[in-house]
Amino acid sequence: MAGHSKWANIKRQKAVVDAKKGKTFAQLSRAIIVAARSGVPDPNSNFQLRTAIDKAKAADIPNDNIERAIAKGAGTFAGDAANFEAIRYEGYGPGGVAILIEALTDNRNRTAADLRGAFSKRGGNLGETGCVSWMFHQKGVSVVQGVKDEDQLLEASLEGGAEFYEMIEDEKAEVFTEVTNLEILSQILKDRGFQVNDIELRWIPSNHVEVTDPEQARFLLKLIDTLEALDDVQNVTANFEIPESLLDSIILEK
């Protein structure tokens, strides 16, 4: 049982020098609002909400902010008229690279205009719905820390219905499963003594575009940075692959 997530590798290497670490308070709060609105506003009965709250706590968001976001999602927060919705946008980067953007917005026109401007500035273009999403499939991912025995991880992963796992760092692994099975998998991993420190849904590209031209690689990474910096954007995924030596040299330039 093994897998390979090239986009995740790029994200990890970029994170070493990215000025923006993780999600902003606003982005994480929006995720809580949408999760509370799409199900019951009780984390014990709403896996999506519980996951969003865990991410917010990991980012040191105060409990008052978390409770306020839950109240907004439940419609019990006085004076709040914002209605955030989850929207997926699609586009192309330089060289025809496929890019998926997940956003939470209370103004579709503003978000689309911001994304269109970001793509145009960095040599890409915002596309129509469905133009690239067929190249991706969504999986649930449990990030496990403290893996001292890979055989035990394999056994627990199989028991939890995982499709594959990948060791990404020393004693750290990502375990992949179907979206509908993520809660079951993460609970079984915890029951078997593994430390699950993150749970997420991730888009996995079915094919990759290899980028070996340094200038194109720089433009692509700048485009991703520009998209991720937008307030409405929650997550960006692309299907390009950059050789580690080239990626390292670009990172050192920053």
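Predicted model: local features only at pLDDT ≥ 70, side-chain atom pairs only at ≥ 80, totals over all residues.

Reader: How many bridges join strand β1 to strand β2, and in which sense do they run?

Author: Eight bridges join β1 (residues 85-92) to β2 (residues 98-105), and the two strands run antiparallel. As an example of such a bridge, Gly-91 has Ile-99 in β2 as its partner.

Reader: Which residues make up strand β3, the other strand that pairs with β1?

Author: Strand β3 covers residues 125-126 and pairs with β1 over two bridges, in the antiparallel sense. Here Tyr-92 stands opposite Asn-125 of β3.

Reader: Now the open sheet. What is the order of its four strands?

Author: The order is β5-β6-β4-β7, with antiparallel pairing. β5 and β7 (195-205) stand at the edges with a single partner strand each, so one side of each has no neighbour in the sheet. On average, neighbouring strands of this sheet are turned by 25° against each other, direction ignored.

Reader: Over how many bridges do β4 and β7 pair?

Author: Strand β4 (residues 136-145) pairs with β7 over 10 bridges, in the antiparallel sense. Val-141 stands opposite Glu-200 in β7.

Reader: Which helix packs on the sheet, and which strands does it touch?

Author: Helix α6 (residues 150-159) packs on the sheet and touches β5 and β6. The direction of α6 makes about 145° with that of β5.

Reader: How is a pair of aromatic rings described?

Author: Such a pair is described by the distance of the ring centres and the angle of the planes. This structure holds one aromatic pair. The ring centres of Phe-164 and Phe-176 are 4.4 Å apart and the planes stand at 20°, so the pair is stacked; planes under 30 degrees apart count as stacked. Phe-164 lies in strand β5 (residues 164-169) and Phe-176 in strand β6 (residues 172-177), 12 residues apart.

Reader: Are Phe-164 and Phe-176 buried or exposed?

Author: Both Phe-164 and Phe-176 are buried.

Reader: And the chain as a whole: how many helices and strands does it have?

Author: The chain has nine helices and 10 strands. Of its 254 residues, 45% count as buried. The chain exposes about 12600 Å², of which carbon and sulfur atoms supply 49%. Among contacts between residues at least 6 apart in sequence, 72% join residues at least 24 apart.

Conventions: Residues numbered from 1 in each chain as written. Heavy atoms only, no water. Phe/Tyr/Trp six-rings, centres within 6.5 Å; stacked < 30°, edge-to-face > 60°. Buried < 20%, exposed > 50% of the residue type's maximum accessible area, 1.4 Å probe, protein only. Pairing = 2+ DSSP bridges. Axes fitted to C-alpha atoms, helices over the stretch in contact; angles between N-to-C directions. Contact = heavy atoms within 4.5 Å. Areas by Shrake-Rupley, 256 points an atom, 1.4 Å probe, with all protein chains shown as cover.
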